[in-house]
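Subject: Structure handover

Hi,

Here is the structure I promised you. Please open it alongside this email. My notes come after it.

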Amino acid sequence: MKQQANLIRAGQVIEHDGRRWTVLKQQIITPGKGGAFIQVEMRDLKTGNKTNERWRTADSVERLMTEEKEYTYSYMDGDNIVLMDPETFEQLLLPLDLLGDQAPFLQDNMTLVLNLVEGDPVGVVLPAQVTLEVVEADPVVKGQTASSSYKPARLSNGVKTMVPPFIEAGEHIVVRTEDSTYVERAKS
């Protein structure tokens, strides 16, 4: 299915130069002079190689239709993750790189959505938010205002993020898996 290049979003699968690519990041750039264009970082589904491509926003690209299927995360096996089909209880082994930067957010028995193109896995979608414990948080600097200042903190999965000054080590917070940002204090 053809679509305009400015409609490309992360997680989509496109066909370009006779190969299939999964979109990792996209950014629309509007220079001071000339027309806008879209910069896309994508990974080849067969080789795993990454590349950057630019299209004018009016260009069209071939988008492949993906089928979505839910799986349950079981465990890590070296550089792979093992997922289980909740209906048939069959196990599926996938390379960890398919998750990219979201890999640290995997939790036992987490429900994931697997994107398939013609039966081949091309992408994994984690829940939008997860609850994690803050294991280390910098002390509050006196004189900072609570409205606009954030302080660095390390989460139980090793990811560093910025949290409001009232968050202390040992507290549970909700974090956005897409970009590791603080959402809110977890409700008990």
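Below is what I found, from the overall layout down to single residues.

**Overall layout**

Keep in mind that this is a predicted model. The protein has 188 residues, and 33% of them count as buried. There are zero helices and 16 strands. The C-alpha trace spans about 55 × 55 × 25 Å along its principal axes. Among contacts with a separation of 6 or more, 42% join residues 24 or more positions apart.

The domain assignment gives domain 1 (2-63), domain 2 (67-125) and domain 3 (129-185). The C-alpha centres of domain 1 and domain 3 are 33 Å apart. One residue pair also spans these two domains. Tyr182 and Arg63 are 119 residues apart along the chain, and their C-alpha atoms are separated by 32 Å.

The unreviewed entry places "domain: Translation elongation factor P/YeiP central" at residues 68-122. That span is 0% helix and 55% strand. Its end C-alpha atoms lie 10 Å apart.

**The cores**

The largest nonpolar core has 27 residues. Leu112, Val124 and Ile173 touch the most other members. Six strands each supply at least two residues of this core: E7 (67-77), E8 (80-84), E10 (111-117), E12 (129-137), E13 (151-155) and E15 (172-176). Where does this core lie? Domain 2 (67-125) and domain 3 (129-185) both give residues to it, so it lies between them.

Leu112 is worth a look in the viewer. Beyond its neighbours within four places in sequence, Leu112 is in contact with Lys69, Glu70, Tyr71, Tyr73, Leu83, Leu106, Val124, Val125, Leu126 and Pro127. There is also a second, separate core of 10 residues. Its members include Ala5, Ile14, Val23 and Val61.

**The largest pocket**

The largest pocket has a volume of about 930 Å³. It is lined by 34 residues, and the closest to its centre are Ala10, Gly11, Val23, Leu24 and Gln102. Strands E3, E4 (37-44), E6 (60-64) and E11 (120-125) each supply at least two lining residues.

**Residues in domain 1**

Start with Thr22, in strand E3 (residues 19-29). Is Thr22 buried or exposed? It is buried, with a relative accessible area of 6%. Leaving out neighbours within four places in sequence, Thr22 is in contact with Gly11, Gln12, Val13, Glu41, Met42, Arg43, Leu45 and Val122.

Phe37 lies in strand E4. Its relative accessible area is 17%; the cut-off for buried is under 20%, so Phe37 counts as buried. Setting aside residues up to four places away, Phe37 touches Gln27, Ile28, Ile29, Pro31, Arg54, Trp55, Arg56 and Thr57. Phe37 and Asp59 are 22 residues apart in sequence and 9.2 Å apart in space, C-alpha to C-alpha.

Thr57 sits in the loop between strand E5 (50-56) and E6. Which residues does Thr57 contact, leaving aside neighbours within four places in sequence? They are Gln4, Ala5, Asn6, Ile28, Ala36, Phe37 and Ile38. For Asn6, the C-alpha separation from Thr57 is 4.8 Å, although the two are 51 residues apart along the chain.

**A residue in domain 3**

Tyr182 is in strand E16 (residues 181-185). At 14% relative accessibility, Tyr182 counts as buried. Not counting residues up to four places away in sequence, Tyr182 touches Tyr150, Thr161, Met162, Val163, Pro164, Phe166, Ile167, Ile173 and Val174.

Most residues other than glycine have a negative phi. Two residues here are worth checking against that.

- Asp17 is not a glycine, yet has a positive phi of about 55°. Asp17 is in the loop between strand E2 (13-16) and E3. It is exposed, with a relative accessible area of 64%.
- Ser180 is not a glycine either, and has a positive phi of about 60°. Ser180 lies in the loop between E15 and E16. At 19% relative accessibility, Ser180 counts as buried.

Best wishes

Conventions:
Residues are numbered from 1 along each chain as its sequence is written. This is a predicted model: local features need pLDDT of at least 70, side-chain atom pairs count only at pLDDT 80 or more; totals for chains, interfaces and linings use all residues. Side-chain values use heavy atoms; hydrogens and water are left out. Domain bounds come from an automatic or database domain assignment. A nonpolar core is a set of buried Ala, Val, Leu, Ile, Met, Phe, Trp, Tyr and Cys residues joined through side-chain atoms within 4.5 Å. Buried means under 20% relative accessible area, exposed over 50%, partly exposed in between (1.4 Å probe, protein chains only). Helices (H or I, at least four residues) and strands (E, at least two) are DSSP runs, numbered from the N terminus. Contact means heavy atoms within 4.5 Å. UniProt positions are given in the numbering used here, feature names are shortened, and annotations may be inferred rather than shown by experiment. On a 1 Å grid over the protein atoms alone, a cavity is a set of points where a 1.4 Å probe fits but cannot get out, and a pocket is an open set with protein on both sides within 12 Å along at least five of seven lines; lining residues have an atom within 4 Å of a point. Grid points are joined across faces, edges and corners, and a volume is the space filled by probe spheres set on the points.
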